[in-house]
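I opened this entry to keep track of what I looked up, helix by helix and residue by residue. The notes follow the order in which I checked things.

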Amino acid sequence: MRRVWKSDLTRTKPKTLIPDFPNLTRVTHTRTPLQGPLNIASLIGLFADKHPESEELRGKASLLRDELVGSSDDAGKVVRVLEEKGETFFRTYSNGSAFVELMKQLRSWPSVALQVLNWRRKQTDNSIPMTSEEYAKGISFAGRTKNIDLAVELFTEAANKSIKTASTYNALMGAYMCNGYAEKCQALFRDLKSAASCSPTIVTYNILISVFGRLMLVEHMEATFREIQHLDLSPNLSTYNNLLAGYVTGWMWNRVEDIIRMMKENKVQPDINTHLLMLRGYAHSGNLQKMEETYDKVKYHVNDKEIPLIRAMICAYCRSSITDRIEKISALMKLIPENEYRPWLNVLLIKLYAQEDWVEEMDSSINEAFEHKTCVTTIRVMRSIIATYFRCNAVDRLASFVKRAERGGWHLCRSLYHCKMVMYASQKRLEEMESVLNEMEDSNFCRTKKTFWILYKAYSTWDQRHKVEKVRGLMCKNGYGDPCDVLPS
């Protein structure tokens, strides 16, 4: 397998070029669970070179952050705090690490961070020039807040000051990537390749891999990986995670396994994002054994922060045929908060409990659907519910469900009423069986040959001869033939 993988991804060519993908206008993607670990927050640290952050630096930044946040209601006060304490702080760390650390700590207060960024840009007039790392952090912040115009403005401002580095390019590429501007991201990559002052880094290629993976352009993604090896760049954990994300998004499970093997061969230790991607992939591919093994490694994180993954695991169990799937699903459902209700999952559980004849659990899920005004419009689900009530001989539950379904706008079908008639007839509740005919008319369901056959069988079973003859007459009148001679269709 290893040899096949290398022949696919690592073969080199005299000139390996990443293919263009023109005619891609702005692509807007909702962040679904299939997307990988690269979001704008995790990318921020990749756009700039790492600084050895000391406890002293973090401590000073924390004190300044607290004062700024405490003054956030007054813009003038924020400026005064920056003038009194920020200027000295930034001068102390001339490499820009003070600004980078402060912006990192202000991630939860974007309005304050924007004020700090604007103030810092003005300080260039006071002989405190911004470094490339500070511009990269500012561009990343703008991308995270979906302010692409500001990101481009900062990049242009840095370029006009002859500050063109791989970190500023990477920051803007990342901002484009996370906001759905795939074509602009690749155009900027081409500019970086032709730049005289800097060249692409492994971070640059990691961003490209993520872009192509999100668009499910697997050939482009693999071409990018080949170019990494052609340039003798060393793939890192982010490279492998982005490849994993691309293959999981494209549901290419064999490739997922290949990446995991490659990481082991290259002694690259997986992180939490790697395991979350693996868990996602195993859940969607139905590999329950590996899904459970991976879940055991990261359940402390998944249970608190990854509700979409819990739902993915529930779906995997629903598709399986293991004997204890309902018990495992019930345990996972307890981890989902009430405010994380999803109609599709509610309907999926209704169908599951119906298939297993778990009437109490099915009724509970049906009640939850009605409470959330969820409307079931799938005939297959409705028939599963009907069949469960029939097999469990729960006609009163069925009758209650039909009334609520009528009021709730659920998809009604004639089978609902026929089933009620058969079940009432089996219990010799003939008057209630006959009342179902009126219910059918109220719901605009006409009587069919099957309707008359149900009546005929019921009256025949309970020796209602005069009604049997009446039904025979109606069947002949409607062209259904004499039931003594015709079998039900």
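**Helix α3.** I began with what covers the buried residues of α3, and the cover includes α4 (75-92), α5 (97-105) and α6 (110-122). The model I am reading is a predicted one. The buried residues of α3 are Leu-57, Ala-61, Leu-64 and Leu-68. I then turned to the face of α3 directed away from its buried side. There I found the exposed residues Glu-55, Leu-63 and Gly-70. I also checked the length of α3, which covers residues 55-70. Next I went to α8, residues 148-160. Its 13 residues span 18 Å from the first C-alpha to the last, close to the 18 Å expected at 1.5 Å a residue. I listed the buried residues of α8 as Ile-148, Leu-150, Ala-151, Leu-154, Phe-155, Glu-157 and Ala-158. Which helices do the buried residues of α8 pack against? I found α6, α7, α9 and α10 (182-194). After α8 comes Ser-162, with a positive phi near 60°.

**Positive phi in loops.** Most residues other than glycine have a negative phi. Asp-232 is not a glycine, yet its phi is positive, near 60°. I placed Asp-232 in the loop between α12 (218-230) and α13 (237-249). Is Asp-232 buried or exposed? Its relative accessibility is 67%, and the cut-off for exposed is over 50%, so Asp-232 counts as exposed. Lys-373 also has a positive phi, about 60°, without being a glycine. I located Lys-373 in the loop between α20 (359-371) and α21 (379-391). With a relative accessible area of 73%, Lys-373 is exposed.

**Two buried polar residues.** I then checked Gln-123, in the loop between α6 and α7 (132-144). Gln-123 is buried, at 7% relative accessible area. What does its side chain meet? A polar atom of the Gln-123 side chain lies 3.3 Å from the backbone oxygen of Trp-119. Setting aside neighbours within four places in sequence, I found Gln-123 in contact with Glu-87 and Ile-128.

Asn-170 was next, in helix α9 (residues 166-178). Asn-170 is buried too, with a relative accessible area of 2%. I noted a polar contact of 2.6 Å between the side chains of Asn-170 and Thr-204.

**Aromatic pairs.** How many aromatic pairs does a search of the whole structure find? I got 14. One of them joins Trp-251 and Trp-253: the ring centres are 5.4 Å apart and the planes stand at 45°, so the pair is tilted. Trp-251 is partly exposed at 44% relative accessibility. Trp-253 is partly exposed as well, at 22%. Tyr-389 sits in helix α21 and Phe-401 in helix α22 (residues 395-408), 12 residues apart. Both Tyr-389 and Phe-401 are buried.

I also recorded an aromatic cluster, formed by Phe-89, Phe-90, Tyr-93, Phe-99 and Trp-119. Trp-119 had already come up, through its backbone oxygen and the side chain of Gln-123.

**The whole chain.** Last, I stepped back for the totals. The chain has 26 helices and zero strands. Of its 489 residues, 49% are buried. I checked contacts between residues at least 6 apart in sequence: 68% of them join residues at least 24 apart. The accessible surface is about 24200 Å², and carbon and sulfur atoms account for 50% of this area.

Key: Residues are numbered from 1 along each chain as its sequence is written. This is a predicted model: local features need pLDDT of at least 70, side-chain atom pairs count only at pLDDT 80 or more; totals for chains, interfaces and linings use all residues. Side-chain values use heavy atoms; hydrogens and water are left out. Helices (H or I, at least four residues) and strands (E, at least two) are DSSP runs, numbered from the N terminus. Buried means under 20% relative accessible area, exposed over 50%, partly exposed in between (1.4 Å probe, protein chains only). Contact means heavy atoms within 4.5 Å. Accessible areas come from the Shrake-Rupley method with a 1.4 Å probe; for residues, only the protein chains shown count as cover. The expected span of a helix is 1.5 Å times one less than its number of residues. A polar contact is a pair of N or O atoms within 3.5 Å; within protein, one must be able to donate a hydrogen and the other to accept it, and residues adjacent in sequence count only if both atoms are side-chain atoms. Rings of Phe, Tyr and Trp (its six-membered ring) pair if their centres lie within 6.5 Å; planes under 30 degrees apart count as stacked, over 60 as edge-to-face and the rest as tilted.
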